[in-house]
Amino acid sequence: MSSNPTGALMLIQATITDPKKFAGYASRTPQVVEKFGGRYIAMRSETAVLEGDDDPRHIVVSAWPSLEAARAFWDSPEYAAVKPFRENAADVQVTLIECNDA
């Protein structure tokens with residue numbers, strides 16, 4: 001694998017505890033993601049566990065042009081305005097992963 005970074009992935013794993021409230025978050029976030037150059041590439045619907053225990057959390061993966069773009073989204077005032085719609089509606093783990101050329 002090359003050491004030249006070519007982008008980033010954001011992996012979100014969530015247990016939704018209040019679907020109605022979380023819907024407000026889910027309907028507002030895509031516009032902010034797009035503004036910062038991100039795009040959704042996977043949302044858990046059907047999965048196949050090949051090894052280990054099943055994980056019932058919702059999974060969302062978004063692709064970003066760079067770590068900096070993903071962090072700019074995460075730290076932006078636009079996302080700060082959307083994030084409260086998720087509070088007390090889901091337990092979330094977010095991981096940012098740097099990608100490299102193959």
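**Group meeting: an aromatic cluster and its surroundings**

N88 is found in the loop between α3 and β4 (90-100). Phi of N88 is near 60 degrees, a positive value in a residue other than glycine. Most residues other than glycine have a negative phi. N88 is exposed, with a relative accessible area of 70%. Exposed means over 50% relative accessible area, buried under 20%, and partly exposed in between, with a 1.4 Å probe and protein chains only.

Some ground rules. This is a predicted model, where local features need pLDDT of at least 70, side-chain atom pairs count only at pLDDT 80 or more, and totals for chains, interfaces and linings use all residues. Residues are numbered from 1 along each chain as its sequence is written, and side-chain values use heavy atoms, with hydrogens and water left out.

Now the overall layout. The chain has 3 helices and 4 strands. From the N terminus on, their order is β-α-β-β-α-α-β. Helices (H or I, at least four residues) and strands (E, at least two) are DSSP runs, numbered from the N terminus. The C-alpha atoms fill a box of roughly 45 × 40 × 15 Å, taken along the principal axes. Of the 102 residues, 27% count as buried. Take contacts, meaning heavy atoms within 4.5 Å. Among those between residues at least 6 apart in sequence, 80% join residues at least 24 apart.

Next, the strands. Strand β2 (residues 39-43) and β3 run antiparallel, joined by 4 bridges. Two strands pair if DSSP finds at least two bridges between them. A42 has V61 as its bridge partner in β3. Strand β3 (residues 58-64) is mostly covered, with 5 of its 7 residues buried.

On to the core. Which residues touch the most other members of the largest nonpolar core? They are M10, W64, F73 and Y79, out of 17 residues. The elements giving two or more residues to this core are β1 (5-16), α1 (19-35), β3, α2 (67-74) and α3 (77-82). By nonpolar core I mean a set of buried Ala, Val, Leu, Ile, Met, Phe, Trp, Tyr and Cys residues joined through side-chain atoms within 4.5 Å.

The aromatics deserve a slide. A search of the whole structure finds 7 aromatic pairs. The rings of F73 and Y79 have centres 4.6 Å apart and planes at 40 degrees, so this pair is tilted. For the cut-offs: rings of Phe, Tyr and Trp (its six-membered ring) pair if their centres lie within 6.5 Å; planes under 30 degrees apart count as stacked, over 60 as edge-to-face and the rest as tilted. Ring pairs link F22, Y25, F36, W64, F73, W74 and Y79 into a cluster.

Zoom in on F73, in helix α2. F73 is buried, at 3% relative accessible area. Leaving out residues up to four places away in sequence, F73 touches M10, T29, V32, V33, F36, W64 and Y79. The C-alpha atoms of F73 and Y25, 48 residues apart along the chain, are separated by 15 Å.

T29 sits in helix α1. T29 is buried too, with a relative accessible area of 4%. Its side chain reaches the backbone oxygen of Y25 at 2.7 Å. That is a polar contact: a pair of N or O atoms within 3.5 Å; within protein, one must be able to donate a hydrogen and the other to accept it, and residues adjacent in sequence count only if both atoms are side-chain atoms.
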